[in-house]
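Have a look at the fold, then read on.

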Amino acid sequence: MVKPKTEEEIELLRENAVIVSRTLAEVGKAVAPGVTTSELNRVAETFIRDNGAIPSFLGFEGFPSAICASVNDVVVHGFPSDYVLKEGDIVSVDIGTLYKGWNGDSAYTFPVGEVDAETRKLLDVTKASLYKGIEVAVAGNRTGDIGHAVQTYVESFGFSAVRELEGHGIGRQMHESPGVPNYGKQGRGAKLVDGMTICIEPMINAGTKGVYLAKNGWAVHTADHRKSAHYELTVVVRRGKAELLSTFDFIEKDGTIGI
């Protein structure tokens, strides 16, 4: 049984979610051809610490950076490095914070300059699938309803949902129960209850759903080396309609990137 959060706890999670959301927007401003992913990491860590929080990914199970920066065929958990972003690349930036003893977690996939039509479609469909999942993240439904909503939507466009990775609950721990897969059957999985806080994060491949783990033990690549997109928001399960804690508004409505 997953214990729902109190309203006071949800407010603390909301504070983290706002910091993460604003950090993603700051990173988005820096995404451009010629910029290294290490520079994106520097921007994020500086902003997180300047706002009184701690970058929770840094040192987590040995992870070496404040953000995950996953370029092109890297699905998730890419290390920031001296890789120089090129026109037409995409970079998924996943960020976590620890603030007042609670966690924040959100991700966004940024286009680098102009991208081709297939890549633009992958980004648009993956982000839309996230909101499809959020629509059914209501009390009384199950995690399988979220996965089914994501999977059926992306597959209708010829894309595929990764099976080996999933969303998760969030609270005092970065990863809590329940797991939130991006595929599944309606009516299956953990039951969603009012006050449950979860991260929904579709990881969607342009081609096959297959992936493999890099030799560094972290980066997950698509098996066919086609591109993958990743978007993540933190929500509160409510009766009737889920409540967003993190948001892409700082990225999209403030002019960081076009919708």
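H3 and H4 cross in the right-handed sense (right-handed means the near helix is turned clockwise from the far one by less than a right angle, left-handed anticlockwise). Keep in mind that this is a predicted model, where local features need pLDDT of at least 70 and side-chain atom pairs count only at pLDDT 80 or more, while totals for chains, interfaces and linings use all residues. Residues are numbered from 1 along each chain as its sequence is written, and side-chain values use heavy atoms, with hydrogens and water left out.

**H3 with H4**
- The axes of H3 and helix H4 (residues 143–155) come within 8 Å and cross at roughly 150°; axes are lines fitted to C-alpha atoms, for helices over the stretch in contact, with angles from 0 to 180 degrees between N-to-C directions.
- That makes the two helices, H3 and H4, roughly antiparallel to each other (the label applies to angles over 145 degrees).
- On the H3 side, Val125, Ala128, Ser129, Lys132 and Gly133 meet Ile146, Ala149, Val150, Tyr153 and Val154 of H4, contact meaning heavy atoms within 4.5 Å.
- Seven of the residues in the contact of H3 with H4 are nonpolar, two polar and one charged (Ala, Val, Leu, Ile, Met, Phe, Trp, Tyr, Cys and Pro count as nonpolar, Asp, Glu, Lys and Arg as charged, and the others, Gly among them, as polar).

**H1 with H2**
- Helix H1 (residues 7–30) packs on helix H2 (residues 37–50) at about 145°, their axes 9 Å apart, and this crossing of H1 and H2 is right-handed.
- From H1, Ile19, Arg22, Thr23, Glu26, Val27 and Ala30 meet Leu40, Val43, Ala44, Phe47 and Ile48 of H2.
- The contact of H1 with H2 has eight nonpolar, one polar and two charged residues.

**The sheet**
- Five strands form an open sheet in the order S8-S7-S9-S14-S15, with antiparallel pairing; helices (H or I, at least four residues) and strands (E, at least two) are DSSP runs numbered from the N terminus, and two strands pair if DSSP finds at least two bridges between them.
- Its edges are strand S8 (176–180) and strand S15 (243–244), each pairing on one side only.
- Strand S7 (residues 167–169) pairs with S8 in the antiparallel sense over three bridges; Gly169 has Glu176 in S8 as its bridge partner, and a hairpin of six residues joins S7 to S8.
- Strand S14 (residues 233–236) and S15 share two bridges, also antiparallel, with Val235 opposite Leu244 in S15.

**Helix on sheet**
- Helix H3 (residues 117–135) lies across strand S9 (197–200), S14 and S15, running at about 15° to S14.

How values were computed: Angles under 35 degrees count as roughly parallel, over 145 as roughly antiparallel, 65 to 115 as roughly perpendicular and the rest as oblique.
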